Amino acid sequence: MSRRRSGRVPADERSVVSSMRGLPAWTAVLLAVAISLTGVAIDSVSGELGAGFTVAFVLGCVVSVLAISRRSLFVAGVQPPIIMTLLVPLVYVISGAGADVFSRTQIVSVALPLATRFPLMIATTVVVVAIALIRAFVLEPRSTRPAAPYIQRTAPAHARR
């Protein structure tokens with residue numbers, strides 16, 4: 001969709017900066033994943049997911065909810081748990097946390113880091129959903145629908161006496 005004749009970005013397509021068009025949902029998810037993978041790369045030096053991943057994950061999700069278009073705020077709100085649930089086990093499987101693919105040791109070594117990052121996932125989700133709600137209801141209230149005209153209703157002729 002293009003800009004309107006006034007040169008303004010339509011309300012449903014704005015990012016948090018009202019003069020800029022927001023990112024589509026899939027691009028915002030890729031942005032959050034790319035920033036989180038940057039944190040994984042930083043922490044790959046130490047061999048463990050640590051502060052680099054934590055900061056990058058939170059930063060990626062917050063930047064994503066600020067850059068996404070208003071109509072896609074739901075996607076930004078649900079992406080932190082999905083990204084964490086997919087990314088952390090994938091990193092530990094790729095890094096070779098265990099010898100056998102589906103052994104008990106492998107399952108525990110993949111599930112334990114995910115369980116220890118559960119508070120991070122919940123805190124990030126709460127922050128992202130709070131920002132999304134503030135964007136949706138406080139910063140950019142829906143005012144595109146005009147108010148219904150006031151219609152004075154009178155009683156039918158047979159009821160008036």
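**Getting to know a helical protein**

Student: How much accessible area does the nonpolar patch on the surface have together?
Tutor: Val16, Val17, Met20, Leu66, Val129, Leu133, Ile134, Phe137, Val138 and Leu139 form this patch. Patches take residues with over 30% relative accessible area and no salt bridge, joining like charges within 9 Å and nonpolar side chains (Val, Leu, Ile, Met, Phe, Trp, Tyr) within 5 Å; a salt bridge is a side-chain nitrogen of Lys or Arg within 4 Å of a carboxyl oxygen of Asp or Glu. With areas from the Shrake-Rupley method (1.4 Å probe, and for residues only the protein chains shown as cover), the patch residues together come to about 890 Å².

Student: What kind of model is this?
Tutor: Residues are numbered from 1 along each chain as its sequence is written, and side-chain values use heavy atoms, leaving out hydrogens and water. Local features need pLDDT of at least 70 and side-chain atom pairs count only at pLDDT 80 or more, while totals for chains, interfaces and linings use all residues, since this is a predicted model.

Student: How many helices does the protein have?
Tutor: Helices (H or I, at least four residues) and strands (E, at least two) are DSSP runs, numbered from the N terminus. Starting at that end, the elements go α-α-α-α-α. There are zero strands, and the helix count is five.

Student: Which helix gives the largest share of the nonpolar patch?
Tutor: Take Val129, one of the patch residues. Val129 sits in helix α5 and is partly exposed at a relative accessible area of 32%, because partly exposed runs between buried (under 20%) and exposed (over 50%), with a 1.4 Å probe and protein chains only. The largest share, six residues, comes from α5.

Student: Is Arg135 buried or exposed?
Tutor: Arg135 lies in helix α5 too. Relative accessibility for Arg135 is 1%, so Arg135 counts as buried.

Student: Why is the pair of Phe53 and Phe57 called stacked?
Tutor: Phe53 and Phe57 are four residues apart in helix α2, which means about one helical turn between them. Phe53 is buried at 1% relative accessible area, and Phe57 is buried at 0%. Rings of Phe, Tyr and Trp (its six-membered ring) pair if their centres lie within 6.5 Å; planes under 30 degrees apart count as stacked, over 60 as edge-to-face and the rest as tilted. Here the centres are 5.9 Å apart, and the pair is stacked because the planes meet at 25 degrees.

Student: How far apart in space are Ala32 and Ile83, C-alpha to C-alpha?
Tutor: Ala32 is in helix α1 and counts as buried, at 0% relative accessibility. Leaving aside residues up to four places away in sequence, Ala32 touches Gly60, Cys61, Ser64, Gln79 and Ile83, where contact means heavy atoms within 4.5 Å. Ala32 and Ile83 are 51 residues apart in sequence, but in space their C-alpha separation is 8.2 Å.
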